[in-house]
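Q: I am new to this structure. Please show me how to read its features one at a time.

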Amino acid sequence: MRPRFPLATHVSPTDRRLSALVRHLGDSSASSMESQNPNQTISASSTAAFNGDSVFGNIVRAPEDPILGVTVAYNKDPSPTKLNLGVGAYRTEEGKPLVLNVVRRAEQLIVNDRSRVKEYLPIIGLTDFNKLSAKLIFGTDSPAIQENRVTTVQCLSGTGSLRVGAEFLARHYHQRLIYIPQPTWGNHPKIFTVAGLSVKTYRYYDPKTRGLNFQGLLEDLSSAPSGAIVLLHACAHNPTGVDPTIEQWKQIRQLMRSKGLLPFFDSAYQGFASGSLDADAQPVRMFVADGGECLAAQSYAKNMGLYGERVGALSIVCKTEDVASRVESQLKLVIRPMYSSPPIHGASIVATILKDKDMYNEWTVELKAMADRIISMRQQLFDALRARGTPGDWSHIIKQIGMFTFTGLNTEQVAFMTKEYHIYMTSDGRISMAGLSSRTVPLLADAIHAAATRVV
Ligand code: KET
């Protein structure tokens with residue numbers, strides 16, 4: 001049999017990466033995968049083929065994804081009052097998905113423009129989209145952009161941007177260690193591990209105060225080895241809804257720069273935290289303003305409601321134009337064997353909106369309306385719990401920002417709410433506030449009240 005990886009040097013790192021991932025995932029399928037002898041699997045499979053049984057008969061069922069699996073369970077529930085607060089996807093007051101008006105307008109323009117064709121995009125995507133995306137996150141007057149030392153590549157939404165960035169770092173950056181906050185979006189450790197980075201965590205959230213463990217964060221980053229990569233949520237931290245203040249960001253920046261730690265921003269919620277695109281990009285801009293290097297992964301899933309279009313961008317800010325162009329040449333080598341080039345439609349929508357002053361303004365108004373509706377849901381839920389006299393301090397619901405509330409409800413309480421009230425949320429107690437409406441707040445408040453009083 002031909003070896004899967006002809007170069008011997010490729011075999012062991014890949015295997016190590018996969019077994020590290022399997023260890024990290026720590027699920028039952030993973031441990032049984034590890035204990036299997038691959039040769040046995042091959043011979044059992046070939047015998048199976050001979051007998052007419054499936055050659056895949058030995059495959060172990062994998063568990064559902066902790067976030068996307070919530071929707072799978074929700075879809076199976078026949079209850080007419082069921083409520084999905086699992087995935088971070090915006091819903092209207094009527095509980096329906098929202099396509100922004102400005103997105104519909106842009107799509108109309110695109111459809112009516114007969115000069116548009118469906119040719120492949122270049123490996124790095126749509127040029128206009130990339131330029132405008134960099135301006136959106138770094139600011140229109142960013143010196144780094146003016147000095148041509150930013151390379152931006154269109155990727156498959158936030159996830160794809162993180163993955164391409166991670167693969168690039170694993171291949172070309174001297175330090176393969178990335179620090180991610182504890183807790184963080186559940187896909188982060190998987191993306192980075194499978195790309196070939198080692199993952200460590202830094203303290204972030206303090207369950208006692210339901211706020212930032214700033215001291216712990218500083219200590220952990222202080223003891224990180226020089227050059228280590230640090231994943232930072234640009235704003236609206238997922239799942240906690242807790243962000244550092246601007247003062248705290250200043251200290252984080254100083255510490256990271258003094259230790260040569262490389263910032264990798266995940267910006268999946270620009271505009272969703274405060275309702276302002278510029279305010280939410282402040283932490284990223286602060287790091288770019290000091291002239292240092294960083295990476296940023298952007299998603300248009302939430303702020304433009306383009307979830308299924310899979311549109312995002314990875315930017316790498318470098319010290320010089322020459323370095324940036326060499327970095328870009330290597331990003332192409334990461335992307336080409338992965339998916340060749342990105343899709344055209346979503347990026348065309350974004351570019352159409354960002355390019356046109358009037359459409360851009362309409363977008364900011366619609367975005368602010370989404371952010372404001374979430375903020376009003378926070379107030380309504382908080383008031384509803386207070387009205388019920390639910391035990392506990394629920395002020396964190398109005399203090400946290402962004403799409404999620406990290407309720408503090410435990411796994412048993414979440415399971416109880418799903419079983420008794422058909423309310424679906426991730427088992428860590430995270431609620432997508434964007435999935436809530438005035439109509440459903442009372443149901444959720446009843447469920448939380450029951451869980452807080454009956455399940456300890
Ligand atoms: N970063 C963060 C922090 C994040 O919460 C998400 C999505 C992404 C990146 C990726 O989004 P994309 O759709 O690839 O642009 N989070 C929600 C959806 C998911 O889990 O995929 C969520 O946490 O519910």
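Q: In which helix do Lys368 and Asp372 both lie, and how many residues apart are they?
A: This is a predicted model, in which local features need pLDDT of at least 70, side-chain atom pairs count only at pLDDT 80 or more, and totals for chains, interfaces and linings use all residues. Residues are numbered from 1 along each chain as its sequence is written, and side-chain values use heavy atoms, with hydrogens and water left out. Helices (H or I, at least four residues) and strands (E, at least two) are DSSP runs, numbered from the N terminus. Lys368 and Asp372 both lie in helix α16 (residues 357-388), 4 residues apart, about one turn of the helix.

Q: What joins the side chains of Lys368 and Asp372?
A: Side chains of opposite charge can pair when their charged atoms come close. A salt bridge is a side-chain nitrogen of Lys or Arg within 4 Å of a carboxyl oxygen of Asp or Glu. Lys368 and Asp372 meet in one, at 2.9 Å from N to O. By this rule the count comes to 19 salt bridges.

Q: Which residue forms a salt bridge with Asp383?
A: The partner is Arg386, with the closest N and O atoms 3.9 Å apart. Asp383 and Arg386 also lie in helix α16, 3 residues apart.

Q: Is Arg386 buried or exposed?
A: Buried means under 20% relative accessible area, exposed over 50%, and partly exposed in between (1.4 Å probe, protein chains only). Arg386 is exposed, because its relative accessible area is 57%. Asp383 counts as partly exposed, because its value is 33%.

Q: Which residue forms a salt bridge with Arg326?
A: Asp322 does, and the closest N and O atoms are 2.8 Å apart. Both residues lie in helix α14 (residues 321-339), 4 residues apart. Arg326 is partly exposed at 49% relative accessibility, and Asp322 is partly exposed at 44%.

Q: Which residues are linked with Arg105 in a network of salt bridges?
A: Arg105 is linked in this way with Asp358 and Glu362.

Q: How many residues of strand β9 are buried?
A: In a regular strand the side chains alternate between the two faces of the sheet. In β9 (residues 294-299), 6 of its 6 residues are buried. Cys294, Ala296 and Gln298 are on one side, with Leu295, Ala297 and Ser299 on the other, and both faces are covered.

Q: Which strands pair with β9?
A: Two strands pair if DSSP finds at least two bridges between them. Strand β8 (residues 262-267) runs parallel to β9 and is joined to it by 4 bridges. Strand β10 (residues 311-317) pairs with β9 in the antiparallel sense over 6 bridges. Leu295 stands opposite Phe264, and its bridge partner in β10 is Ile316.

Q: How many residues surround the ligand?
A: A residue is near a molecule or strand if one of its heavy atoms lies within 4 Å of it. Here 18 residues surround the ligand, and the closest are Ser157, Thr159, Asn238, Asp266 and Ser299. Helix α8 (residues 157-172) gives the largest share of this shell, 3 residues.

Q: Where does the side chain of Thr159 stand relative to the ligand?
A: An N or O atom in the side chain of Thr159 is 2.5 Å from an oxygen atom of the ligand. For Tyr269, a polar side-chain atom lies 2.7 Å from a ligand oxygen atom.

Notes: Polar contact = N/O pair within 3.5 Å; in protein donor to acceptor, adjacent residues only side chain to side chain.
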